[in-house]
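Me: I'm new to this one and would like to learn how to read it. Can you walk me through it?

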Amino acid sequence: MSKHEQHLANILSAIEYEFPDFKIVDKRKSKLMRVLSKVLFFNKNFMTRYITVIGNTVYIPTKDWVKEDAYRALSVFCHEWVHMKDNRRLGPLFKLLYLSPQIFSLIAVLGFWNPLWFLFLICLLPVPSPTRSELEMRGYAVTMAVNWWLLEQKPNYEWYSKQFTSSAYYWMDPFKKDVLKDHKKEFDRIQKQELRDHEKQIFEILIGKP
Ligand SMILES: [Zn+2]
């Protein structure tokens with residue numbers, strides 16, 4: 001077993017221990033994912049390149065995705081683990097915050113009663129989502145941290161900021177300058193080892209007690 005495979009096994013068993021109903025599912029075999037890929041038509045790589053977590057189920061593009069690259073899998077599972085923890089902590093509010101403001105477009109069904117409510121369809125536009133952005137930043141901070149701890153790799157800020165400013169997450173934060181600043185701040189915090197509890201937990205699994 002390579003070093004990364006060992007790390008991956010340790011991370012997966014820690015996730016399973018914390019979330020006994022943790023599951024890994026092939027996206028192509030999931031009806032829900034196939035429907036979602038139509039809704040999320042603006043993200044062309046949704047089925048092939050993106051990992052999606054809903055509740056405690058992580059959807060991967062192919063059955064062999066985990067085996068193909070142990071390091072990639074380990075880094076992604078650490079990121080998704082953060083979403084699982086936040087989802088448990090926030091309950092239904094997590095989905096509301098993550099899907100805001102676009103989710104408020106659902107209110108537009110009231111338009112069949114009074115057409116004024118159709119105005120809520122405006123929420124379907126790529127209006128920035130500070131709440132989704134905040135939740136993703138917590139995930140990407142862990143992505144950066146793992147790359148730093150295990151590979152001594154500094155973040156490629158262009159790539160990170162693109163996740164936030166592009167269609168990848170429905171243009172959740174189009175203000176690139178601020179996005180770059182936030183990422184630099186997060187990486188700075190990680191380098192200083194000023195870690196949040198879940199980051200400390202991951203650090204201890206991967207590196208050991210400080
Ligand atoms: Zn994420």
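Me: In what order do the strands of the open sheet stand, and what is the pairing?

Reply: Keep in mind that this is a predicted model. As a general idea, strands of a sheet pair through backbone hydrogen bonds, either parallel or antiparallel. Here 3 strands form an open sheet in the order β1-β3-β2, and the pairing is mixed. β1 (23-26) and β2 (52-54) are at the edges with a single partner strand each, so one side of each has no neighbour in the sheet. From one strand to the next, the twist averages 25 degrees.

Me: How many bridges join β1 to β3?

Reply: There are 4, and β1 and β3 (residues 57-60) run parallel. To find your way, look for isoleucine 24, which stands opposite valine 58 in β3. Then look for helix α2 (residues 31-39), which packs on the sheet and touches β2 and β3. The direction of α2 makes about 120 degrees with that of β2.

Me: Now the metal. Which residues coordinate the zinc ion?

Reply: His79 and His83 each use NE2, while Glu136 gives two OE donors, at 2.0 to 2.5 Å. Histidine 79 sits in helix α4 (residues 70-90) and glutamate 136 in helix α6 (residues 130-151), 57 residues apart, so this pair links distant parts of the chain.

Me: Why is the arrangement around the zinc ion irregular?

Reply: To count as tetrahedral, four donors need all angles between 85 and 135 degrees. The 4 donor atoms here subtend angles of 55 to 150 degrees, which makes the arrangement irregular.

Me: Is histidine 79 buried or exposed?

Reply: Buried means under 20% relative accessible area. Histidine 79 has 6% relative accessibility, so it counts as buried. Glutamate 136, at 2%, counts as buried too.

Definitions and conventions: Residues are numbered from 1 along each chain as its sequence is written. This is a predicted model: local features need pLDDT of at least 70, side-chain atom pairs count only at pLDDT 80 or more; totals for chains, interfaces and linings use all residues. Side-chain values use heavy atoms; hydrogens and water are left out. Donors are N, O and S atoms within 2.8 Å of the metal (3.2 Å for Na, K and Ca); water is not among the atoms, so sites may look incomplete. Four donors count as tetrahedral if all angles lie between 85 and 135 degrees; four count as square planar and six as octahedral if opposite donors are over 155 degrees apart and all others between 65 and 115; anything else is irregular. Helices (H or I, at least four residues) and strands (E, at least two) are DSSP runs, numbered from the N terminus. Buried means under 20% relative accessible area, exposed over 50%, partly exposed in between (1.4 Å probe, protein chains only). Two strands pair if DSSP finds at least two bridges between them. Axes are lines fitted to C-alpha atoms, for helices over the stretch in contact, and angles run from 0 to 180 degrees between N-to-C directions. Contact means heavy atoms within 4.5 Å.
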